Amino acid sequence: MNLRITPGPLEGTVTPPPSKSQAHRAILAQLLAGGGTVSNLAASQDIEATRRCAAALKTEGDGLPLLDCGESGSTLRFLIPIALALRGGGRFTGRGRLMERPQKPYFDIFNEKGISYEQKDGVLTLRGELEPGEYRLPGNVSSQFVTGLLYALPLLDGDSEIVLTSRLEGWGYVDMTLNTLEKFGITTEERDTGWIVPGRQVYQPCGLTVEADWSQAAFWYAAEFLGNSVQVSGMPKYSRQGDSKFVWFNRRLAMPRNMGFSVADCPDLVPPLAAMAALRNGYTTYLGNAARLRIKESDRLSSVTQVLNALGAQVEEGPDFLKITGKDGLAGGVTVDCCNDHRIAMMAAVAATRCREPVTLLGAECVSKSYPNFWDDYRMLGGKFDVL
């Protein structure tokens, strides 16, 4: 779906969809508990992938279950150790760039533990059993590997330890995992280098309501920052979501000075932050420690740079950073590719409100990955666009 956005102000109140990060974790805990309720779920493509795979793990008969993870990195990385613990492996497939995204931290563990794996023709096949013991992995590739192990290791017949070999990036996401596990009766013991995970634990069913998503709310707060009269409702005052740190970024970016930030713990916030920084007229914003963005749905350091610069911004891309020099407005009048990346599409839509000429987006349907109703909400707020 291609859209032509006519620049204009947004105005009104919007409630973001439920947290994708919390929903993934709750659905899998419910699977392992064999019951319980998870309310306030959204039918985004990523969440549907996790629900589909959870159902396959429960219902497929003998043999390795086929788990279609769509384009969801969380689904794939969370379920790899869970499938090993429950079914002795699985066959994992996906779309887009998903099966190209790195799994080396798991593969290194599998080599050490004697677990068979083969990646061929877009299918990752695993065979073997997780055994209690020490699991060493880096913390600076993705916290999703840590979460996958934290879910699977309590199911084993002995105690295990997760040892981080480098600094953990994305602590907020792991904190959300630990909080969800605690609600479902799972205990862990934190150490300086990781966690002790007792075995022979049993997940206990419980009820959990998913919060509104700070990752998606950030785009509407960015729209407000850019001068639109948008109010965001339904956000939890206190949240374990790592991207709730946006509140801190928002306050800092409002200060009239040059700014530099590390986004190592919240890389998904870079697209809305970059849109905000592009309009901080006369001030420079540096977003660093962002190398992990190169292995998202798109190479986000590149796609953020390409799209914002096409609109008329001044963004410099580095190996692991963006340097953004703010302007007082954007020219627009161009066609940009959303790169099959939901966060790039939403960033472009927000930035278009400050363009002087219309902006055409190619592949705007990609928002369905996380926020299927984004364009409905955009129109509800007064956003003007035509489907081409």
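How much space lies in the largest pocket? About 170 Å³, taken as the space filled by probe spheres set on grid points joined across faces, edges and corners. A pocket here is an open set of points on a 1 Å grid over the protein atoms alone, where a 1.4 Å probe fits, with protein on both sides within 12 Å along at least five of seven lines; lining residues have an atom within 4 Å of a point.

The model is predicted, so local features need pLDDT of at least 70 and side-chain atom pairs pLDDT 80 or more, while totals for chains, interfaces and linings use all residues. Residues are numbered from 1 along each chain, and side-chain values use heavy atoms, without hydrogens or water.

Helix 2 (45–59) gives the most to the pocket lining, with four residues; helix 1 (20–33) supplies at least two. Helices and strands are DSSP runs, of H or I over at least four residues and of E over at least two, numbered from the N terminus. The lining, which includes Ile27, Arg51 and Lys58, divides into six nonpolar, three polar and two charged residues, with Gly counted as polar.

I turn to helix 5. In residues 143–152, ten of ten are buried, meaning under 20% relative accessible area with a 1.4 Å probe, protein chains only. At its start, a side-chain oxygen of serine 142 comes to within 3.1 Å of the backbone nitrogen of glutamine 144.

Finally, strand 6 (116–120) and strand 7 (123–127) pair antiparallel over five bridges, where pairing requires at least two DSSP bridges. Serine 116 stands opposite arginine 127. Between the strands lie two residues, and aspartate 121 takes a positive phi near 55 degrees.

Notes
Buried means under 20% relative accessible area, exposed over 50%, partly exposed in between (1.4 Å probe, protein chains only). A polar contact is a pair of N or O atoms within 3.5 Å; within protein, one must be able to donate a hydrogen and the other to accept it, and residues adjacent in sequence count only if both atoms are side-chain atoms.
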